[in-house]
Amino acid sequence: MNGTLFKKEMKSNVKIFLIFAAIVTLYGSVIVAMYDPKLGESLNMMATAMPELFAAFGMVDPGLTLLDFILNYLYGFLLIVIPFVFSVILCHRLMARYIDQGSMAYLLAVPYNRNVLLRTQLFVLLVWNFLLIAYVSVLILGVSSLMFKEGIEVLSFLWVNLALFFLHAFLSSMCFLFACSFNETKFSIGLGAGLGGCFVLIQMLSKVSDTVDFLKYFTPLTLFDPKKLAAFDSNALCWAISLLLGSIVWMILASVIFKKRDLPL
Amino acid sequence: MSVIEIQNITKDYGGHKGVFDVSFDVQKGEVVGFLGPNGSGKTTTIRQLMGFIKPDKGKVTIFEKDCFEKASEVQGSIGYLPGEIAFMNDMNGLEFIEFMAKMKKIKNKEKMQELIRFLELDPKGKIKRMSKGMKQKIGIVIAFMGDADILILDEPTSGLDPLMQNKFVELIQKEKERGKTILMSSHIFEEVEHTCDRVVMIKDGQIIAVEKMDNIRKNRQKYYEIEFENEHEARKFADYYQNVKVDHHRVSFFLKGEVNELLHRLSQVQIVEINARSQSLEELFLHYYGGDNHEWNAF
């Protein structure tokens, strides 16, 4: 870790963070505000009428409690895709563009080795991811307790968010691995973003009907199951931890590749 | 003692791009010019010195440490100016210089200030809006501000106006007096001519000559251009020398020494005008580069 670089990268990515914080604020608060204990039933009816459409966006059984509602509408799609896009942009800003534009020549012409650089950038990436998820958790908790007397089950909710962070650690370190491994942006960013996009699409497809249910085994997003996590299901916890372990594997791979590779600087 | 040592390195990018079996060294306190046309392998060699790429074959060391494996140890004693300008665009010039100073653990900022003054740089503007010359100056400040023992400069004067190029030559001369070891690539011959102790010439990824600057100066030819009264005289005169170009009344040729003899001959005919100048390093290089061997046996 290098403190100077860390500070620089935190400072220069504040704007991007604020944009994404604004986006999740918008979706988060609107969706929480949409909750109506009575509406739950009519939504359930709609969901039975158009099961495929609802299912594709992860909204199976919208449920009746506020937590069920939030998990359905935010944690099935929006809070997977939005922070993922944030990660992709960060991977570009923290690694891919430095390699592509050649400014990494400066970052390497210093008495630190490549791994210090890599670890710092990776840490910045994870910190920003963590901050975005922490922010959205606090936001949802705040809006829910302001608008609804009963609020939501805090512990279950935080548990889900911790797992969400593991999922994003997994996805962003995967993107970061590609960003470290290729020279041109179309590969270094395209591969990570494309693969992540595929995961989301596969998950959407797998939920549409039982005949393609097997598709869920082809996307790591299946390992994040907000409803089971909220119920403190131990399997769901193991899956979430496997995401964290997976992210460590990506990081080690990134470090091994980056240390050995030729850089076009 | 050789500080920088390049031993038989090959880095093959395919299609005859890269460097092939390149070897040379830079002694302590020596200034070496690394000359070659665009795409000849200068930057590829320097990238290996900086530990950005690993040679396929051969060894690159600085202070006897492998430039790739021990890059971070080696970097502490290098001031580096990249050939391509690519900064962090989200900072202004001064912020970037200060950032690099911190990254390089440079505590004493006197040298930085001194360089900014010397190069007449106003570093406060947005880097994005800066001209190429301004950016180059920032790169130079960063390379020199750490007072590193070794300077590796890739095309240091590109983008600078002639006045600044002269200032840069001054800067190199000062650093040389202070005992710095310098390797600079260039295709501008004047700066190399005025700064370097030795010249390494590279073409198509292969070293074609390594020569001391003193030798080059000593063996350098003069270029003469003489205008005669008539073409007959011109042709007659041209027969005395080899590789002479005759254009009507005008005769031009290279000649090393033999000045008295030349003057004697010229005194016997009517001449209108005579011009003489030293052969430029560029012309000298062209002899190697073009494989144009006519009477070039000076070495």
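This is a predicted model: local features need pLDDT of at least 70, side-chain atom pairs count only at pLDDT 80 or more; totals for chains, interfaces and linings use all residues.
The account begins with the nonpolar cores. The largest one holds 162 residues. Within this core, A:Tyr75, A:Met104 and B:Phe96 touch the most other members. Helix H5 of chain A, residues 66–101, supplies the largest share, with 22 residues. The surroundings of A:Met104 can be listed, leaving aside its neighbours within four places in sequence. A second core is separate and has 11 residues. Among them are B:Tyr241, B:Val251, B:Phe253 and B:Leu266.

Chain B contains an open sheet of six strands. Their order is E6-E7-E8-E3-E9-E10, and the pairing is mixed. Strand E6 (78–81) and E10 of chain B form the edges. Each of these two strands pairs on one side only. Neighbouring strands of the sheet are turned against each other by 15 degrees on average, direction ignored.

Strands of a sheet pair through backbone hydrogen bonds, either parallel or antiparallel. E3(B) and E8(B) run parallel and are joined by five bridges. Across this pairing, B:Val32 stands opposite B:Leu183 in E8(B). E3(B) also runs parallel to E9(B), with four bridges between them. There, B:Gly33 stands opposite B:Val199 in E9(B). B:Val199 in turn stands opposite B:Glu211 in E10(B).

The pairing of strand E9 (residues 198–203) with strand E10 (residues 206–212) of chain B is antiparallel and spans six bridges. Here the bridge partner of B:Ile202 is B:Ile207 in E10(B). E9(B) and E10(B) form a hairpin with two residues between the strands. In this hairpin, B:Asp204 takes a positive phi near 50 degrees.

Burial is a further feature of E3(B). Five of its five residues are buried, so E3(B) is largely enclosed by the rest of the structure. In a regular strand the side chains alternate between the two faces of the sheet. In E3(B), both faces are covered. B:Val31, B:Gly33 and B:Leu35 are buried on one side. B:Val32 and B:Phe34 are buried on the other.

Helices of chain B also meet this sheet. Helix H1 of chain B, residues 42–49, packs on the sheet. H1 touches strand E3 (31–35), E6, strand E7 (150–154), strand E8 (181–186) and E9 of chain B. The direction of H1 makes about 145 degrees with that of E7(B). Helix H5 of chain B, residues 132–144, lies across E6 and E7 of chain B. This helix runs at about 170 degrees to E6(B).

In chain A, one helix pair is described by its axes. The pair consists of helix H8 (residues 154–181) and helix H12 (residues 234–260) of chain A. Their axes come within 8 Å and cross at roughly 20 degrees. Angles under 35 degrees count as roughly parallel. H8(A) and H12(A) are therefore roughly parallel to each other. H8(A) passes H12(A) in a left-handed crossing.

A loop residue of chain A is also noted. A:Ile189 lies in the loop between helix H9 (185–188) and helix H10 (190–208) of chain A. A:Ile189 counts as buried, because its relative accessibility is 15% and the cut-off is under 20%. Leaving aside neighbours within four places in sequence, A:Ile189 is in contact with A:Val88, A:Cys91, A:His92 and A:Ala96. A:Ile189 and A:Ala179 are 10 residues apart in sequence. Their C-alpha atoms are 5.9 Å apart in space.

Two loop residues of chain B complete the account. Most residues other than glycine have a negative phi. B:Asp147, although not a glycine, has a positive phi near 55 degrees. B:Asp147 is found in the loop between H5 and E7 of chain B. With a relative accessible area of 32%, B:Asp147 is partly exposed. B:Glu258, likewise not a glycine, has a positive phi of about 50 degrees. Its loop joins strand E13 (250–255) and helix H10 (259–267) of chain B. B:Glu258 counts as partly exposed, at 42% relative accessibility.

Conventions
Residues are numbered from 1 along each chain as its sequence is written. Chains are lettered from A and ligands numbered from 1 in the order in which they are written. Side-chain values use heavy atoms; hydrogens and water are left out. A nonpolar core is a set of buried Ala, Val, Leu, Ile, Met, Phe, Trp, Tyr and Cys residues joined through side-chain atoms within 4.5 Å. Buried means under 20% relative accessible area, exposed over 50%, partly exposed in between (1.4 Å probe, protein chains only). Contact means heavy atoms within 4.5 Å. Two strands pair if DSSP finds at least two bridges between them. Axes are lines fitted to C-alpha atoms, for helices over the stretch in contact, and angles run from 0 to 180 degrees between N-to-C directions. Angles under 35 degrees count as roughly parallel, over 145 as roughly antiparallel, 65 to 115 as roughly perpendicular and the rest as oblique. A crossing is left-handed if the near helix is turned anticlockwise from the far one by less than a right angle, and right-handed if clockwise.
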